[in-house]
Amino acid sequence: METQQTKPLSAIRSGEKVRLASVTAGRGLNSRLASMGLLPNVEITVVNNRHPGPFVISVKGSRMMLGRGMAHKIMVCSCNDK
Amino acid sequence: MTNKITAALAGNPNSGKTSIFNQFTGARQHVGNYPGVTVEKKQGICRYKDYEIAFVDLPGTYSLNAYSTEELVARNFIISEHPDVVVDIVDASGIERNLYLTTQLIELNVPLVLAFNMSDIAEQKGMVFDIEQLSKLLEAKIVKTIGNKGKGKTELLDAIIETAEQAGKKRTHKINYGEEIEHELGKIEKAIYDRENHLTKKYGTRWLALKLLEQDEEIIANVGNREVLDIVAASTEHLKSIFGDNPEVVMADRRYGFISGACQETLKTTVELRHNYSDIIDTVVTHRILGLPIFLLLMYLTFVLTFKIGKYPMDGLEWFFGWLANTLAGFWPAGSDSWLKSLIVDGVLGGVGGVLVFLPNILLLFMMIALLEDSGYMARAAFIMDRIMHKIGLHGKSFIPMLIGFGCSVPAIMATRILENKRSRLTTIMVVPLMSCGAKLTIYALIIPAFFQEDWHGPMMWLIYLIGIILAIICIKILRLTVLRGETEPFVMELPPYRVPTFKSICIHMWHRGWMYLRKAGTIILAVSIVLWFAMSYPKPNPDSYTELTPQQKQQKKLEYSVIGRLGQAIEPALKPLGFDWKIGTALIGATAAKEVFVSQISIIYAVGSDDESDLTLRQKLRANYTPLTGFCIMLFCLIYAPCIATVAITKQETCSWRWAMVQFFGLTALAYIVTLIVYQIGSRIF
């Protein structure tokens, strides 16, 4: 499924489940996100993406808030690729 | 005979680490800073059976990389202080994410005990753990705890003691990073073992190799050998070409792989709760329209509580200090000119007492902040304000200390501890004094009615507050573009579930802040009060020269003659362009002790004596002597210039350097001078 199109996390609607493909951020931030569990292939549920408002995701059982800018940098792909 | 054990508490933010620490140590805690950094270091002692266990509360972190100061502090403490046991507090309800830190502790090869905290919430979520099996996999004892209820406390203490006794036991297996990475790790391990022997002794060969491959800045800076660095660079490139990603991301992925493997074998989830109560609360409090009003309402309540309710104990304290001053003065015969009496009553009691009366406010304010923080609301508030604060280059959380600054700069600067990023924190500390604090309000309350029509009182007050805010925004912009440059951190933050804060933790929080405040009043403020008293009382003019004067005239004469009075006269030429005379100058110097001193100083200076004249109130005298423009300039100058001594002291303490305290002191004074100069010079040409 490598050919699957990726899109930024910010484009995903509330309630949808996606898989993280890559993060285009600096090295420090990248490893920070990784230690918080935001790694390639991790399943992300978008809890809230109403505009404007907090962008809330659920990763490994915990809730995280992201800035919109951050959500643009996280590329994801659709989950139903099995 | 007692045995001593040191136990370090590690854990993710929001894992309930602090509540466990409080359970163990109660109020027997010592709060300080780690040397050279502004990270809080909490220590406390717990006596149990024959043991004296010294607990150290490490900062809450997600990992032990060199990403933030907190992570470095936690890591270096473990490496260089060698605690007998590291207790990893794990939020059992978010087990996978929390075990990430555990994998890093395992790699550090420390004697480890795991506390599965919030096990009640995990149970509600339907999570069932095979503790025994998991304990074998992680090679550490696991104890289930419920931190805020104190459950599992003795079991955890037993586990700590047992683990400490068995210290030195080697781990049998390690986290495997897969063939390719392990191969490169082997190469690096060999290289450092040969070339950097002293480092491997300190850190352990494998750990050192792992960190080098992860491009850990601190460790790389420590390795002097070029060959080692070349080998690391080659390995990094090689792995990058294989995985298409930086090795540290792949390694983080492998660690999570290890965790999910361990969890698959030992964790059963029976029910899945989809919408928990936190989500429901969040739909309201972070609502796009309701969010901001709710936040403002809560902040308003915080203020009302702090200043309205705090008024009663404050009045009580004021009465008490008045009574104390009278009683002490009673030891001397009436009308006595004893210098000791004056020192004790006017100097020490006046100065220290004047600051101590704010203690109830400080306690209440910190109680409210602790409530907002422990309940989980603060994380939401930071988000709500982030959009606005981001525009001026600060993190959303900076809003909270700035808001507190309207009450008093001292707790506001203490509250900047909630900011993780050092640059954001420094910037916030620097501009907090521009918020009009309660003490400045007393100056406005004197000046505004003296010079302006009744209709203008409200707008004038509003204008002065607004100028402070606008100047703060400009200063933040300037600081962020010059000395404190750096990217605003992208906003990523964990949303902790809402919890009911416990009474005990709130009390402990309040007690700490209160104690810090008291300690300051007993040391710095006491010293400054005495110095100022001397400067205001000496040298004394010859008493024969004013025998025929009224007591008020005598006081004025004395003040004119004193060090402060002379200083005021000396700086008069510099203050002239601002429209100030030596009297205002004198009051301004005195007001660096505490801004409200301006009012008492100016009233002493203008307490001119003859009976018919003294019918004039201070305000009328001010109006007779100065123009409204000068009045406005006084307020403007007082708003901006040098923060009070208490603020300088707290800035020094919180930034760990005199340099920043001095930058703040002189920077703001220069700013005040420039702004007032412009306003006065332009104003005096128009009006």
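## Elements and model confidence

Helices and strands are taken here as DSSP runs, at least four residues long for helices and at least two for strands, numbered from the N terminus. On this basis, B:Asn65 belongs to the loop that lies between strand 4 (51-57) and helix 2 (69-81) of chain B. The structure is a predicted model, and the predictor assigns the complex an ipTM of 0.81 and a pTM of 0.69.

For chain B, the mean pLDDT is 82, with 91% of the residues reaching 70 or more. Where pLDDT is low, predicted coordinates should not be read in detail.

## Organisation of chain B

Chain B contains 33 helices and ten strands. Of its 687 residues, 43% are buried. Among contacts in chain B between residues at least 6 apart in sequence, those joining residues at least 24 apart account for 73%.

## The surroundings of B:Asn65

B:Asn65 is classed as buried because it has 24 C-beta neighbours inside 10 Å, the threshold for that class being 20 or more. Beyond its neighbours within four places in sequence, B:Asn65 contacts residues of chain A, namely A:Ser31 and A:Ser35, as well as B:Glu71, B:Glu214 and B:Asp216. B:Glu214 is 149 residues away from B:Asn65 along the chain, yet their C-alpha atoms are separated by 8.7 Å.

## The largest nonpolar core

In soluble globular proteins, nonpolar side chains tend to be buried together. The largest nonpolar core of this model has 196 residues, and the members that touch the most others are B:Leu9, B:Val113, B:Ala115 and B:Ile160. Helix 31 (residues 628-640) of chain B supplies the largest share of this core, with nine residues.

When residues up to four places away in sequence are not counted, B:Ala115 touches B:Ile20, B:Val87, B:Ile89, B:Val90, B:Val143, B:Thr145 and B:Leu156.

## A sheet with strands from both chains

Seven antiparallel strands make up an open sheet, in the order 1(A)-6(A)-2(A)-3(A)-4(A)-5(A)-10(B). Its edges are strand 1 (6-8) of chain A and strand 10 (492-495) of chain B; each has a single partner strand, so one side of each is left without a neighbour in the sheet. On average, and with direction ignored, neighbouring strands of the sheet are turned by 45° against each other.

Strand 1 of chain A runs antiparallel to strand 6 (residues 74-78) of chain A, and three bridges join the two. Opposite A:Thr6 stands A:Cys77, in strand 6 of chain A.

Technical notes:
Residues are numbered from 1 along each chain as its sequence is written. Chains are lettered from A and ligands numbered from 1 in the order in which they are written. This is a predicted model: local features need pLDDT of at least 70, side-chain atom pairs count only at pLDDT 80 or more; totals for chains, interfaces and linings use all residues. A residue is buried if 20 or more other C-beta atoms lie within 10 Å of its own, exposed if 12 or fewer, and partly exposed in between; C-beta atoms are placed from the backbone. Two residues are in contact if their C-beta atoms, placed from the backbone, lie within 7 Å. A nonpolar core is a set of buried Ala, Val, Leu, Ile, Met, Phe, Trp, Tyr and Cys residues joined through C-beta atoms within 7 Å. pLDDT is the predictor's confidence in each residue, from 0 to 100. Two strands pair if DSSP finds at least two bridges between them. Axes are lines fitted to C-alpha atoms, for helices over the stretch in contact, and angles run from 0 to 180 degrees between N-to-C directions.
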